[in-house]
Amino acid sequence: AGLEFGLGAPYEIEYHDRIASTNERARELAAEGADGIAVVADEQTGGRGRLDREWVAPSGGVWLSLAIRPDVPPARAPLFTLAAAVATADACREAGVDAHIKWPNDVLVGGLGGETDGDADGDAPGASGGRGGRKVAGILTEMEGEADRVSWLVAGIGVNANIDPGALPADATSLQEVLGEPVDRRRFAATLLERFAALAGTSDRMDRILPAWRERASTLGRRVRVDTPNGPVTGTAVDVEPPGALVIETDDGTRRVHAGDCEHLRD
Ligand code: BTX
């Protein structure tokens, strides 16, 4: 399928034409002690999103799960999810697609570029309710931790690379659809892994990930509604704080949310 690569990439690669879920495989490898291996597949038959949701993953995608054993406390793990989103957005941009990040980890195309804020004109056809941006990639991080340090962490990244939009959910798009031609997936994956390594593999990573994330995010400064496990929080997203909490100014004061589904509202 032409996805095999390895040369020049900072991580070892295990490639599959077809697999149930690269995250499952990477978890196995991580539990066995692997540190710095990326499981990559052309097609997944049982791809997973967050909260046990299904991730549609036909042939033509970049379905990639990176197993690492970073020496950090479990509370810092969300930073690696943000780093994966930054690396994914950068790889999209390098491929010529103007991607941005919606908190915490969706990579979207179109709709919410700075100038079109609050304006439905920038929305791609099919964008839900004019709220802008269609999902081109998603990230699912899983980890196992001891009290004071992460034992292993798997960053699962799903990118709709060369996929017919008809095979995707209505609010999704693919790089191929946006560009009008297929992307070089091998190069895309290599760029993504290089960017992730440059950001998350260094000793000063904790200081670098959040600023990089802020630069690429379209959520900050916008009105949002986040459905958290404790109910919805609506207001203006003003910042992201370590290790990845969204700070929201609501009518009742400042709230910090750590997990949930975020919707960008019209201003
Ligand atoms: P999420 O829970 O944020 O998003 C899942 C939701 O996104 C689904 O409920 C559906 O509405 C929508 N969706 C499903 N498939 C797609 C798609 N291909 N493109 C856009 N939207 C979609 C996001 O979860 C985390 C996804 C991680 C996927 C990677 S692929 C490599 C690795 N292996 C694996 O099984 N999962 C990860």
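Strand β6 (134-145) gives the largest share of the shell around the ligand, four residues. Helices and strands here are DSSP runs, H or I of at least four residues for helices and E of at least two for strands, numbered from the N terminus. This is a predicted model, in which local features need pLDDT of at least 70 and side-chain atom pairs count only at pLDDT 80 or more, while totals for chains, interfaces and linings use all residues. Residues are numbered from 1 along each chain as its sequence is written.

**Ligand shell**

- The ligand has 27 residues around it, and those that come nearest are Gly49, Gly138, Gly156, Gly158 and Ala172. A residue is near a molecule if its C-beta atom, placed from the backbone, lies within 6 Å of it.
- Two or more residues of the shell come from each of α1 (22-31), β3 (62-68), β6 and β7 (150-159).
- By class, the shell holds twelve nonpolar, eleven polar and four charged residues. Nonpolar covers Ala, Val, Leu, Ile, Met, Phe, Trp, Tyr, Cys and Pro; charged covers Asp, Glu, Lys and Arg; polar covers the others, Gly among them.

**Domains**

- Domain 1 spans 12-218 and domain 2 spans 219-267, with bounds from an automatic or database domain assignment.
- The centres of the two domains, taken over C-alpha atoms, are 21 Å apart.
- Contacts link 20 residues of domain 1 with 14 residues of domain 2, two residues being in contact if their C-beta atoms, placed from the backbone, lie within 7 Å.
- On the side of domain 1 that touches domain 2, α2 and α5 each supply at least two residues, and α2 gives the most, with four.
- That side of domain 1 consists of ten nonpolar, five polar and five charged residues.

**Packing of α2 with α5**

- Helix α2 (residues 78-94) packs on helix α5 (residues 205-216) at an angle of about 50°, and their axes are 9 Å apart. Axes are lines fitted to C-alpha atoms, for helices over the stretch in contact, and angles run from 0 to 180 degrees between N-to-C directions.
- α2 and α5 are therefore oblique to each other; angles under 35 degrees count as roughly parallel, over 145 as roughly antiparallel, 65 to 115 as roughly perpendicular and the rest as oblique.
- The crossing of α2 and α5 is left-handed, that is, the near helix is turned anticlockwise from the far one by less than a right angle, and clockwise would be right-handed.
- α2 makes this contact through Leu79, Leu82, Ala83, Ala85, Val86 and Ala89, and α5 through Met206, Ile209, Ala212, Trp213 and Arg216.
- Ten of the residues in the contact of α2 with α5 are nonpolar, none is polar and one is charged.

**Packing of α2 with α4**

- The axes of α2 and helix α4 (residues 185-200) cross at roughly 140° and come within 8 Å, which makes α2 oblique to α4.
- The crossing of α2 and α4 is right-handed.
- Among the contact residues are Phe80, Ala84 and Ala87 of α2, and Phe188, Leu192 and Phe196 of α4.
- The contact of α2 with α4 has eleven nonpolar, two polar and three charged residues.

**Backbone features**

- Most residues other than glycine have a negative phi, and most peptide bonds are trans.
- Tryptophan 103 and proline 104 are joined by a cis peptide bond with omega about -5°, and proline 104 lies in the loop between β4 (99-102) and β5 (106-109).
- The bond from proline 242 to proline 243 is also cis, with omega near -5°; proline 243 sits in the loop between β9 (231-241) and β10 (245-250).
- Leucine 51, a residue other than glycine, has a positive phi near 50° and is found in the loop between β2 (37-44) and β3.
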